[in-house]
Amino acid sequence: MINIVNLHAEVEEKKILKGLNLNVKAGEIHAIMGPNGSGKSTLASILAGKEDYTVTAGNVEFDGKDLLELSTEDRARQGLFLAFQYPIEIPGVSNVNFLKSALNEIREYRGEEQISAKDFLALVKEKSALVELDSKLASRSVNEGFSGGEKKRNEIFQMAMLNPKLAILDETDSGLDIDALRIVANGVNKLRSPKNAAIIITHYQRLLDYIIPDFVHVLYDGRIVKSGGKELALELEEKGYDWIKEELASNAE
Amino acid sequence: MSNYTETDLEKDLQDQEYKYGFVTNIESDKIPVGLNEDIIRLISSKKEEPNWMLDYRLKAFAVWQTMTEPEWGHVHYEKPKFDEIAYYSAPKQSKKYESWEDVDPEMKATMKKLGISMEEQMRLTGVAVDFVMDSVSVATSFKSKLSELGIIFCSFSEAVKEHPELVQKYMGTVIPTSDNFYAALNSAVFTDGSFCYIPKGVRCPMELSTYFRINEGGTGQFERTLVIADEGAYVSYLEGCTAPQRDENQLHAAVVELIALENAEIKYSTVQNWYPGDKNGLGGIYNFVTKRGICERKSKISWTQVETGSAVTWKYPSCILKGDYSIGEFYSVAVTNNYQQADTGTKMIHLGKNTKSTIISKGISAGKSQNSYRGLVQIHKNAKNARNFSQCDSLLMGDTCGAHTFPYIECKNPSAKIEHEATTSKIGEDQLFYCKQRGLSEEKAISLIVNGYCKEVLNQLPMEFAVEAQKLLAISLEGSVG
Ligand SMILES: Nc1ncnc2c1ncn2[C@@H]1O[C@H](COP(=O)(O)OP(=O)(O)OP(=O)(O)O)[C@@H](O)[C@H]1O
Ligand SMILES: [Mg+2]
């Protein structure tokens with residue numbers, strides 16, 4: 001699905017990613033953990049096409065295409081979705097209008113017909129039920145005045161509506177209460193299929209109790225420094241990151 | 001807004017140049033350029049006007065000659081050469097049209113290009129349209145239906161002939177000829193416009209709509225509109241403009257007077273889309289308009305405007321809240337791009353007790369344009385418990401444009417409550433990135449964000465107008481980011 005090879009990136013001459021490798025196949029869920037400031041959100045932003053970052057080396061293949069050559073909107077239209085760590089507010093634009101416009105541009109790009117009003121409403125109904133999103137939120141302005149948890153849930157609602165091939169969830173679990181966490185996880189699980197894949201960035205192994213990942217990676221100082229199965233998350237939860245840093249230091253000697 | 005489709009917008013977005021830039025080939029009847037008493041007499045006689053109308057014009061002309069152009073606006077432009085303008089131009093017609101079928105096919109084609117096919121409008125929307133091409137009304141519909149209710153909706157010239165008592169009673173009562181330079185000029189040389197009278201207690205059952213259009217190169221356009229809502233009456237009036245592309249500047253100095261008698265309500269909506277000039281600031285319309293309404297007891301006047309066109313706009317639709325408990329509202333979106341300049345806002349003059357006014361102004365500036373809000377809230381000594389709420393927001397796109405706010409408050413009664421809020425924001429890179437990440441193109445993203453920003457104002461417009469306005473916003477901001 002996505003193959004990241006030796007990715008180096010910087011912002012304002014500050015090196016953030018320093019040779020990152022990651023290969024995600026269709027049907028897989030990968031969790032990325034790592035200390036604050038290690039470059040997790042930066043990775044997500046670069047994959048989504050944010051222009052602030054300069055890729056200085058490496059390449060990324062997404063669904064057979066050179067991802068870095070595509071514009072942000074074309075990446076989205078090809079099926080890449082990013083659930084933002086800090087979702088943006090767009091005053092005066094209703095969630096449904098926003099999604100309808102997005103959906104139709106994606107469909108047009110793919111040479112599909114515009115969605116009918118009836119089908120769209122049915123889709124909204126189905127997907128908002130999936131993430132138990134209050135129907136009032138669907139018609140309110142995008143994220144405006146939403147609580148932290150509501151914003152996160154809205155990201156998952158949008159993901160469900162757009163049905164991406166690859167979803168990147170950047171700390172979607174932070175700020176969620178226990179019930180919301182279960183609901184969001186449930187939403188992600190329902191969208192899981194042999195054709196889709198997900199990269200889940202999180203600090204807490206708790207989310208991974210609900211969404212069972214195929215792989216867990218540790219991102220540290222701009223690189224994936226350790227990979228393993230679900231048990232790695234438990235180990236991190238228990239021991240923190242120091243032992244990994246020590247391991248790295250001794251390897252370097 | 002449900003019938004507004006993405007495809008429509010997409011199409012409009014591909015249409016880079018000003019889409020109404022064409023000139024219709026209708027022979028027109030023009031008088032020599034320049035302005036003097038003889039020209040005014042000529043206009044008056046061509047229009048077969050009664051003497052009182054000619055006197056009115058001549059008096060206004062005398063006043064105008066003593067006046068100078070206002071300089072206080074935050075706009076810079078080359079002053080029009082008033083003696084190089086032809087003050088009258090009427091499409092040549094051998095006879096007046098009896099029915100829609102009789103209308104010149106070329107004129108019909110023009111209207112089609114404008115997207116306001118009369119057949120469609122008449123059949124589908126029930127909007128009565130008084131179409132003004134250049135300065136003479138050429139088609140009026142729904143007249144009979146309206147007249148059953150005693151509603152008069154006709155061209156201004158016709159009103160002068162058919163309803164002189166109403167015109168004489170009200171014309172110039174809200175905007176005296178001496179009000180300002182452009183109003184005085186208009187009073188002297190106006191060629192036509194619209195007249196509307198809603199009798200006591202009548203609720204006008206349809207939106208009354210006039211499309212204005214400048215058609216002759218080098219022709220000044222001086223419209224005059226008078227709307228009177230008698231006691232307890234209601235009317236919603238729509239005014240929309242498009243003009244063909246021209247290289248020389250064209251002057252447009254309209255006067256609109258609204259009169260809301262006791263318990264009456266007038267909603268006046270404008271979508272202004274005059275030719276704004278090209279990307280380098282060449283050409284475009286000078287739009288110097290005086291619009292004002294007067295409210296008697298418990299009456300209400302709402303001005304809603306979406307201003308996207310014109311090279312220079314100078315316009316302050318205002319309300320004189322004379323009667324106790326009267327209400328004035330002003331909702332405005334003003335967009336400037338490239339080298340456009342707009343100085344627009346409102347005046348709310350509180351004379352009566354318990355009067356209330358609301359001002360919502362949304363300015364959007366892009367390119368190298370200058371966009372100013374100028375508003376006056378005036379509370380007179382006897383206006384006990386007057387209330388005003390003003391909100392003036394500016395949205396900037398890029399960093400070569402300017403947004404300015406000039407709020408003036410004069411309060412002579414201590415019981416007044418006046419609130420003023422103002423914000424300035426930029427279209428955020430973060431917002432754009434978020435939209436694009438969901439698959440939206442930059443144009444579509446901007447259009448969504450801008451329409452969201454203007455929502456409070458757009459919501460005030462009747463449905464069909466709101467759709468048109470949304471598209472216009474997108475078209476006028478095209479290519480303004482990145
Ligand atoms: N636009 C930027 N300008 C300057 N520095 C930046 C920018 N974006 C990221 N950084 C820096 O890059 C580093 C990595 O940031 P990033 O947000 O990717 O971390 P993270 O792993 O997501 O952390 P967290 O767990 O706190 O979310 C940080 O030191 C951050 O300050
Ligand atoms: Mg982060």
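1. In this predicted model, ligand 1 is surrounded by 15 residues, and the closest of these are A:Gly37, A:Lys40, A:Ser41, A:Thr42 and A:His203.

2. As for where the shell comes from, β2 (14–24) and α1 (40–48) of chain A each contribute at least two of the residues around ligand 1. The largest share belongs to α1(A), which supplies three residues of that shell.

3. Several side chains place polar atoms beside oxygen atoms of ligand 1, and the distances may be worth checking in your viewer. An N or O atom in the side chain of A:Lys14 is 3.0 Å from an oxygen atom of the ligand, and a polar side-chain atom of A:Asn36 likewise lies 3.0 Å from a ligand oxygen. For A:Gln85, the distance from a polar side-chain atom to an oxygen atom of ligand 1 is 3.3 Å. Taken on its own, ligand 1 has 640 Å² of accessible area, and the protein covers 68% of it.

4. Turning to the contact between the chains, 33 residues of chain A and 21 residues of chain B take part. About 2300 Å² is buried between chain B and chain A, and carbon and sulfur atoms give 61% of that area. Which residues of chain B lose the most area to chain A? They are B:Phe433, B:Tyr434 and B:Arg438, which together account for 34% of what the chain B side buries.

5. Within chain B, the assignment gives two domains, domain 1 covering 16–315 and domain 2 covering 428–482. Their contact draws 18 residues from domain 1 and 13 residues from domain 2. The area buried between these two domains of chain B is about 1300 Å², with 70% of it coming from carbon and sulfur atoms.

How values were computed:
Residues are numbered from 1 along each chain as its sequence is written. Chains are lettered from A and ligands numbered from 1 in the order in which they are written. This is a predicted model: local features need pLDDT of at least 70, side-chain atom pairs count only at pLDDT 80 or more; totals for chains, interfaces and linings use all residues. Side-chain values use heavy atoms; hydrogens and water are left out. A residue is near a molecule or strand if one of its heavy atoms lies within 4 Å of it. A polar contact is a pair of N or O atoms within 3.5 Å; within protein, one must be able to donate a hydrogen and the other to accept it, and residues adjacent in sequence count only if both atoms are side-chain atoms. Accessible areas come from the Shrake-Rupley method with a 1.4 Å probe; for residues, only the protein chains shown count as cover. Helices (H or I, at least four residues) and strands (E, at least two) are DSSP runs, numbered from the N terminus. Domain bounds come from an automatic or database domain assignment. Contact means heavy atoms within 4.5 Å. Buried area is the accessible area (1.4 Å probe) that two parts lose on being put together, summed over both.
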